[in-house]
Structure formats: C-alpha cells, structure tokens
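Please look through the sequence and the model before reading on.

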Amino acid sequence: LPDTFLDLNTLNLNGNNFEGLLPKSLSKCSGLVDLDLGNNQFEDTFPNWLKNLSKLEILVLRGNNLYGHIANLKSEKIFASLIIFDISCNNFSGSLPKAYIQNFRAMKIVHDLQSPLSYIDTDVLGTGHTNEAYASSMVATIKRVSLPFTKIPNSFVIIDLSENKFEGEIPDVIGELHRLKSLNLSYNNLIGPIPHSLGNLTNLESLDLSSNMLDGNIPAELTNLNSLEVLNLSNNHLEGSIPQGKQFDTFSNDSYEGNMGLCGLPLSIQCNNVPLQQYPSSEAEDKFGFGWKPVAIGYACGMVLG
C-alpha cells in the first residue's frame, strides 16, 4: 500500500490482499475518524504512531499478520476518542495493553440513554452538513458470528483482542470502560482470576473469555450485568459454584463447558456432590501413616487369634 496519505477522514480497505508494512503517513491524517485495514495480509508491529490521532473512533486491524508486543506508552492523549478497537486474529503477544485501555476515555463516558440513536459518520467535504457525510461501516464478530454493519451506532462500543497470543492477567482497568457493549478476549493465553471490576460494565451485552487459562471463581459481581445476553467462559480452569440470579439464569451449559471445577446450575453437577480431591495411593498412605496391606494383615491375625 503506497505510503502517501496526507489528509483523510476515513479509510476502509477491509477484505483485500494488501501486504507489507502499515503506511505510517496515516499518522499525518489528523482528521481521521475511521481506519479499517482488517482482513488483509499486512505484516508489521502495532502502529503506536496512530496513538495521538485525537478524532480516531474506529481502529480495525483484525485478520492480518501483525505481531509482537504492544508497547505500554503512557500518555493521556492515547486513542482518546476510540470506541471500536478490533485487533483480533493476529499474532500479538505479551501482556494486554493496559496503558492504552486506561486512556480509552470515550469508552468511559456513558451518554444519556434517552438521546436519539445516532451513527458514526465523517464529514467528507468539511462543510458540517450531514447530507454530505459518509456513514462508516464494518464487520464485527459477536458470539463467533460475523455481522455486517452498514451503519455503526455511536452506542456500539467494542474491544476485540481475541485469537492472539496475549498472556498474563486481565487488567482491572477494563472495569472502568462503562460504555462497553462487547468484550472479547477469547483464544489467548490469559491466566489468573476474572477481575471483579468487570461487574461494573453494566452496559455490557457480550462477554467472551473462553479458551484461556483463567482460574479461580466466577465473580458474583457479574450478576450485576443486567444487559448481558452472551456469556462464554468455556475452556478455562475456573472452579467453584456458578453465580445464580438475574441474567445468569438464562445461560446454558455451553457458557461453562471445559471447566472441570465448576458446579451448580445450569450444570448437572451439584456443588455439595463435588468429590473431594483424590490422593494417589502413595500419598494416602503417607497421609494416614499406613496403607491397606497392614490393615489386611492385622485383620487376618485377629481372625486367627479369635
């Protein structure tokens, strides 16, 4: 792709065969609102040089060959207006970009729910007239189903970091993104517990943390997510009882499969019937001081003497 961009409001090249490096001249497009380079063959590191584009609302880089760590640069101006952040299906590694997430200011501000539905658009000719604006579009993946959006509502706020090689724990700061509608961190190498702070995301409609190595209990705070329609915690190392009540009464077994330590509805395993940890025979003998052989000999001797 030619590295000769000077002034753009929107650039959507999704679903082509572009390759090579991402064009750094895009950092000069101070009015850029919508950047969608998804589903190409770009091979590069994460474009940190886009961080100061103050008007950028949509960043889609999914389905490329991008790789490496995402630098945790510290600045209050990092992606300040971003409401759609989709870098899924790449080869990013290292920890989740906590510094970026912490500065997604537009994702923290919840607008008045009574306001009329509006869409993301860009003023193509710079006149400010809506009839000369270009409506942004994209393809989002919800519950592993690709859904095309010919117009993107301003309320549609998503983070999709799925199908990469991210590791480490989920940062608590995600719980500050109160405007978030969809969070997908599936198919990575994340460890540790599910943060209790996710219970603060009361506008969340879809949460997918499947196919990681998360452990511990499912936080009871997640029952506060009254708008949650899709939950997938499958294929982790979670344990304990599944929280009950509210939206959690609507989820099926599929939401929890592949977690051998979980119990309670909707699973058939009752929590009071979960077997205690079984010790190997050698450990059992060490634990109690004797095994079955001495018991059998003592029993036989008692029978003879009797």
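## Basis of the values

The model is predicted, so local features need pLDDT of at least 70 and side-chain atom pairs count only at pLDDT 80 or more, while totals for chains, interfaces and linings use all residues. Residues are numbered from 1 along each chain as its sequence is written, and side-chain values use heavy atoms, with hydrogens and water left out.

Buried means under 20% relative accessible area, exposed means over 50%, and partly exposed lies in between (1.4 Å probe, protein chains only). Helices (H or I, at least four residues) and strands (E, at least two) are DSSP runs, numbered from the N terminus.

The whole structure holds 4 salt bridges, each defined as a side-chain nitrogen of Lys or Arg within 4 Å of a carboxyl oxygen of Asp or Glu. In one of them, glutamate 205 meets lysine 181 at 3.4 Å, N to O. This pair links distant parts of the chain, 24 residues apart: glutamate 205 is in the loop between β16 (189–192) and β17 (206–208), and lysine 181 is in the loop between β14 and β15.

Lysine 108 and glutamate 176 also form a salt bridge, with an N to O distance of 3.4 Å. Here the partners are 68 residues apart, lysine 108 lying in the loop between α1 (98–102) and β9 (121–123) and glutamate 176 in the loop between β14 and β15. Lysine 108 is partly exposed at 25% relative accessible area, and glutamate 176 is partly exposed at 35%.

## A buried pair and its network

Arginine 62 bridges to aspartate 160, with the closest N and O atoms 3.9 Å apart. The two are 98 residues apart: arginine 62 is in the loop between β5 (58–60) and β6 (67–69), whereas aspartate 160 belongs to strand β13 (residues 158–160).

Both partners are buried: arginine 62 has a relative accessible area of 12% and aspartate 160 one of 3%. Asp86 joins Arg62 and Asp160 in a network of salt bridges.

## A negative patch

Glu169, Asp172, Asp215 and Glu239 form a negative surface patch. Patches are made of residues with over 30% relative accessible area and no salt bridge; like charges are joined within 9 Å, and nonpolar side chains (Val, Leu, Ile, Met, Phe, Trp, Tyr) within 5 Å.

Aspartate 172 sits in the loop between β14 (165–168) and β15 (182–184). Aspartate 172 counts as exposed because its relative accessible area is 51%.

Technical notes. Accessible areas come from the Shrake-Rupley method with a 1.4 Å probe; for residues, only the protein chains shown count as cover. Lys and Arg count as positive and Asp and Glu as negative; His and the chain ends are not counted. The place of a charge is taken as NZ of Lys, CZ of Arg, CG of Asp or CD of Glu.
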